[in-house]
Every structure is written in structure tokens, then in C-alpha cells.
Amino acid sequence: MTTDTSAAIAGAYEHPTRDAPEKSTPQLHAEVARGALDDAGLTFDDVDGFFTAGTPSWLLSLVDHLGLSGLSYYDSTDVGGSSYVAHVGHAAAAIAAGKCEVALVTLAGRPRQEQLSPLSDGPEVPFEESFGPSAVGLYALAAQRHMHEYGTTSEQLAEIRVAASTHAQHNPDAMYQEPVTIEDVVDSRPVADPLGLLDCCVITDGGGAVVVVSPEVAADLDRECPTVEGQAEAAKHVEGGHLDVTYTAAVESGPRAFAEAGIDHDDVDYASIYDSFTITVLETIEDLGFCAKGEGGAFVEGGTLQAPDGDLPFNTDGGGLCNNHPGNRGGMTKIIEAVRQLRGEANDPVQVPDCEVAIAHGTGGSIGTRMGSCTLVLGADR
């Protein structure tokens with residue numbers, strides 16, 4: 001890894017609720033903010049940078065609600081589920097530029113209580129909505145094409161859910177804690193061919209937050225603060241209809257983040273990978289370069305993703321498939337579990353020994369259409 005870092009993550013907090021009928025979204029923001037600041041040993045008065053997404057019409061209302069009177073920088077970049085991975089990079093850049101020193105990043109949402117919003121209200125909607133696209137349908141399209149091109153099987157996709165459920169059994173807050181078998185996944189109720197119910201992530205209320213700080217602030221804290229070593233973002237669109245749904249924008253964000261951090265794939269001890277659906281994980285693993293395109297199915301077989309001893313332990317909290325996908329935006333929890341692993345604070349049975357380098361990868365939009373990828377490389381504070 002590089003010897004210099006522009007920022008570190010001093011605090012991380014995941015809300016324990018998965019169903020919040022009696023809490024408002026602003027209340028959830030406040031609770032996760034306090035949790036992350038307490039974890040860092042900081043207060044709301046220390047915060048001079050604020051980052052959030054999914055609330056474009058009331059970011060300033062949240063600033064007021066949280067009592068953030070000392071702000072010198074804020075950012076509401078919204079690229080769906082990858083927003084919070086992007087925010088960590090943006091916060092590190094702002095800190096390096098002297099714009100702020102303590103950046104609070106929050107996520108909160110209540111999709112179990114509120115009607116799910118459409119896929120988008122963008123300019124494409126009048127042209128595409130009449131054909132009835134759905135989130136799961138677009139991911140199923142990608143899975144079907146990957147199977148056609150590379151011979152990927154439902155059993156191979158099922159390996160991903162099996163690994164996630166194996167980890168989730170050790171997480172008392174996980175929404176689904178029961179381990180499943182490959183047969184359970186393959187035989188689960190069809191949702192959109194070839195994806196079944198157990199190929200799909202959970203829908204949860206709740207949220208999470210992280211606190212990104214300058215190296216100087218981190219040095220004064222009585223807390224292990226994993227360092228931000230590299231971060232990159234990329235977007236992929238429909239290319240006028242010439243769309244290949246077998247790859248994601250991670251083919252660009254991954255190599256750039258790895259190069260910035262000065263690491264290779266063999267250096268990665270743990271990976272948090274966005275898992276809205278099993279196919280999301282498989283394509284991302286290929287695109288990040290852990291195996292060649294089309295070889296993801298074979299790569300995930302045989303316990304590769306299972307902690308603590310697999311070649312690429314992933315989503316040791318159970319991920320979005322089993323643990324938590326708060327607000328239908330899973331990037332935040334990916335960062336939080338990577339921080340836990342680097343601190344040695346993951347659940348004991350899934351803690352990766354001597355975890356020194358972790359990645360957190362977010363996917364926004366849909367891999368079946370326009371989407372964005374954000375890759376973050378973190379290093380242990382030793």
C-alpha cells in the first residue's frame with residue numbers, strides 16, 4: 001500500500017433495526033450519526049463536513065435537524081447504492097484540500113414502511129417505462145445473458161447466497177440468520193428467471209454512518225482508524241442500445257482504486273461487495289479482476305467466499321442478501337463491515353486473521369442498464 005493517506009475512518013455504526021414502523025427517516029439519520037460519532041470519540045460539534053444521499057430536497061433540513069452548526073463543506077452526490085462509497089472518497093479529497101477535517105456520512109431509509117419509488121425519474125423513463133422494467137427483471141436479464149455467454153449456472157450463483165448465509169448465522173442483527181444450501185437457493189420461489197427468491201437481497205429499514213477524518217484528527221483519537229488508501233468511481237450507460245450486460249463499471253473503478261492504493265489482488269484480505277442480487281457479486285468479482293471474465297462461476301465454487309479461510313472472504317455480516325440493505329442502498333454497510341474487519345471487530349467466527357487490506361465496492365443503478373461503480377481500498381491502522 002501507499003505510505004501516505006489523505007484520510008481515515010474513525011467511526012462506523014450500523015443501526016440494529018431492520019423494521020422501523022415507529023421511527024422517522026430523520027430520526028434514523030440522527031441515531032446513526034450519533035452512533036458513528038460515539039464510536040469515533042467525537043461529537044456533533046466536531047463535524048465540519050456532511051455527506052448524505054437519497055434526500056436531495058432536504059439536505060439542509062437534515063443539517064439543521066442534526067445541529068451541524070460548524071459546517072464548511074457538504075455533498076449530496078447521489079449515485080444510488082454506491083453513493084456512500086463515493087462519499088468516503090469525496091470526503092478524503094475535501095479533507096486533503098483543507099475544506100474540512102471531520103466528515104460525517106449518513107444513510108437512512110424506511111422502504112418497508114413506504115411504497116418503493118420507481119427505478120428512476122430520469123429522461124429515459126418515457127421511452128422505457130412502457131416496457132415494464134423492474135429492478136429484479138433487469139438483473140435477471142444480466143444473469144441470463146451471463147449464463148448464455150459463459151455457461152454460468154444457477155448452482156454457481158447459489159454459492160454466493162450460501163456464503164452470505166453462512167456468515168449471517170453469526171450476526172444477531174441479521175434479518176435472515178438461517179444457513180441455506182445450494183439446493184435451497186436453486187429451488188427457491190422463482191422471481192424473475194433465472195433468479196429465485198434467495199438470489200435477491202432483503203428489504204430493510206434502518207441505516208448506517210461513518211466518520212471520515214484527517215490524519216491529524218485520527219492521530220489524536222483513542223481509536224483504531226482504518227486508512228483510506230484508494231478510491232475510484234466509474235459510470236456505464238446503455239451506449240445507444242449497444243449494451244453488454246455481462247460486465248459493470250467496476251472494470252474501470254477497480255483498477256484505478258487498486259493503482260491509487262498501490263496494491264494487487266493478492267494483497268486483499270477481505271472484500272465487501274455490493275450484493276443486491278447474486279449476479280451482482282459474480283460480475284463484480286470478475287470486473288474487479290479477481291478472475292477473468294466468464295470465470296466467476298468457477299471462482300466462487302468450493303467456499304472461496306467463506307470466512308475466515310476462503311481465498312476471498314466476502315460480506316461477513318451476511319451482506320445485503322441476508323443481513324441488511326437499508327433504504328435499498330447497500331454501500332454503507334459494505335464500508336462498515338470492512339472497517340470492522342480491519343479493526344478485528346467482526347463476529348468472531350468470521351473474523352479474517354491479520355486483516356490488513358480490505359475493499360468496499362458499491363453498485364448504483366442497475367447492471368442491466370445504466371449504472372455506476374465505486375471502489376474503496378482501506379488499510380488497517382497499525
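Is His361 buried or exposed? His361 is buried, with a relative accessible area of 0%; buried means under 20% relative accessible area, exposed over 50%, and partly exposed in between, with a 1.4 Å probe and protein chains only. The model is predicted, so local features need pLDDT of at least 70 and side-chain atom pairs count only at pLDDT 80 or more, while totals for chains, interfaces and linings use all residues. Residues are numbered from 1 along each chain as its sequence is written, and side-chain values use heavy atoms, with hydrogens and water left out.

His361 belongs to strand S10 (residues 357-365). Helices (H or I, at least four residues) and strands (E, at least two) are DSSP runs numbered from the N terminus. Leaving aside residues up to four places away in sequence, the contacts of His361 include Val85, Ala250, Tyr274, Lys334 and Cys374, where contact means heavy atoms within 4.5 Å. Val281 lies 80 residues from His361 in sequence, and their C-alpha atoms are 9.9 Å apart.

The largest nonpolar core contains 47 residues, and Ile285 and Phe290 have the most contacts inside it. A nonpolar core is a set of buried Ala, Val, Leu, Ile, Met, Phe, Trp, Tyr and Cys residues joined through side-chain atoms within 4.5 Å. Helix H5 (residues 135-150) supplies the largest share of this core, six residues. Apart from this core lies another, of 35 residues, including Phe51 and Tyr270. Beyond four places in sequence, Phe290 touches Phe258, His265, Val268, Ile285, Phe299, Leu312 and Ile359.

Two packed helices are described by the angle between their axes and the distance between the axes. H5 packs against helix H10 (residues 278-287) at an angle of about 55 degrees, with the axes 10 Å apart. Axes are lines fitted to C-alpha atoms, for helices over the stretch in contact, and angles run from 0 to 180 degrees between N-to-C directions. H5 is therefore oblique to H10; angles under 35 degrees count as roughly parallel, over 145 as roughly antiparallel, 65 to 115 as roughly perpendicular and the rest as oblique. In this contact, Tyr139, Ala142, Ala143 and His146 of H5 meet Ile279, Thr280, Leu282, Glu283 and Glu286 of H10.

A further pair is formed by helix H1 (residues 25-40) and helix H2 (residues 59-66), whose axes come within 10 Å and cross at roughly 55 degrees. H1 is therefore oblique to H2. Pro26, Gln27, His29, Ala30 and Ala33 of H1 meet Leu62, His65 and Leu66 of H2.
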